[in-house]
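Open the model in your viewer and keep the selection panel at hand. The stops below follow one another as a short tour.

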Amino acid sequence: MDRANLAAWFDSLGERVFRADQLLKWIYQQGVTDVRQMTNLSKALREALSETTCIRLPEIVTEKRSADGTRKWLIRVDEQNCIETVFIPEKDRGTLCISSQVGCPLDCNFCSTAKQGFNRNLSLSEIIGQVWLANQALGHFQDGERPISNIVLMGMGEPLLNYDNVLKAINLMMDDRAFGLSRKRVTLSTAGVVPGLMKLSRDSSVSLAISLHAAYDELRDVLVPINRKYPIAALMEAIRHFADSHPGDTITFEYVMLDGVNDHIEDANRLVKLIRSLPAKVNLIPFNPFPGADYQRSSTETIDRFREILMKAGIITITRKTRGGDIDAACGQLAGQVISRARKFQDKQIGISV
Ligand code: SAH
């Protein structure tokens, strides 16, 4: 539960609502998951809670460490399925990349997670549990340091197709009584689920990233098939709505660089036209290969040329460094262990939870 739910729940038990704050601090700041150790709760309440509730975490199965310091955890969420969570340390920050679904129902054909198929949404506890486990593994609860300064919902899954759980999880990430990250440091990335985006504009002040990858429909229909349902014009309208509801914020556009596919000069010009009037910045992601992938990474010269065109047009553009490639932890390489229930993009699945 996020703070609002927890407060309402304590209220329904006839308890004072500040118990919610106490509980959150124990769990997310002290790392305590045994209510009997929560010494500022009355003994009677501790006993009642230990009989009627449990605080359960998903389980780390394996950890891989990259030569560049990136760490990837395989996390079991049920008997059959595992997801992946990645920590990327940098000089001035540490970014945790978390998953929102077991697999993904979108069928972006340059993404390894898509090839795994889709099983189910993650529960709120499975989403926030990744943050808790990473904090524990990185020593946060022991020494009080904060190795995780940023969280991105850029792991497995499409966050806006698991709307309610994702919203509560980001509330906990940004809640001062829980993980307390600033809203500028929590980023939700979406392939473009328009109804979810409209709702998010109203419900949250989280930072937004859009996986665009193509600036015209014929190509985006192929690369990001949800575009057939929510074409670029509709997506841009929703993004504008989000931008208008969050004045002063910058929206990140992610653009994977696929050799000979979306990396021409003309593509860069189209991209400029599309986003020029928005408070936008662009992350160019050199394509990360995986077994069975149909694409190649654009050359460094092509990526630099593409970036130049955007920069000349006044759009801040960063080429993302590939991190954790040697342990398959880079963008689009997360596969986990997914028992797929639906391999293909299906209209009826898209939007069931938004
Ligand atoms: N479903 C959400 C969250 C995933 S974010 C979304 O699409 O935004 C993961 C990012 O990595 C997305 O921008 C995705 O398009 C990109 N990506 C996927 N496969 C990739 C690959 N093989 N190489 C580089 N980037 C990739």
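**Stop 1: the second largest pocket**

Select Met 1, Cys 54, Ile 55, Arg 56 and Ser 125: of the 26 residues that line the second largest pocket, these lie nearest its centre. This is a predicted model, in which local features need pLDDT of at least 70 and side-chain atom pairs count only at pLDDT 80 or more, while totals for chains, interfaces and linings use all residues. Residues are numbered from 1 along each chain as its sequence is written, and side-chain values use heavy atoms, with hydrogens and water left out.

On a 1 Å grid over the protein atoms alone, a pocket is an open set of points with protein on both sides within 12 Å along at least five of seven lines; a cavity is a set where a 1.4 Å probe fits but cannot get out; lining residues have an atom within 4 Å of a point. The second largest pocket holds about 610 Å³ of space, a volume being the space filled by probe spheres set on the points, which are joined across faces, edges and corners.

Next, colour helix H1 (3-12), helix H2 (18-30) and H5, each of which supplies at least two residues of this lining. H5 gives the most, with six residues. Helices are DSSP runs of H or I with at least four residues, strands are runs of E with at least two, and both are numbered from the N terminus. By class, the lining has 18 nonpolar, five polar and three charged residues. Ala, Val, Leu, Ile, Met, Phe, Trp, Tyr, Cys and Pro count as nonpolar, Asp, Glu, Lys and Arg as charged, and the others, Gly among them, as polar.

**Stop 2: H5 against H7**

On the H5 side, show Leu 124, Ile 127, Ile 128 and Val 131, which meet H7 residues including Val 166, Ala 169 and Leu 172; contact means heavy atoms within 4.5 Å. Eight nonpolar, one polar and one charged residues make up this contact.

**Stop 3: the largest cavity**

Val 131 also lines the largest cavity, together with Asn 135, His 140, Arg 146, Pro 147, Ile 148, Ile 151, Phe 179 and Leu 181. About 60 Å³ of space lies there. Its lining divides into six nonpolar, two polar and one charged.
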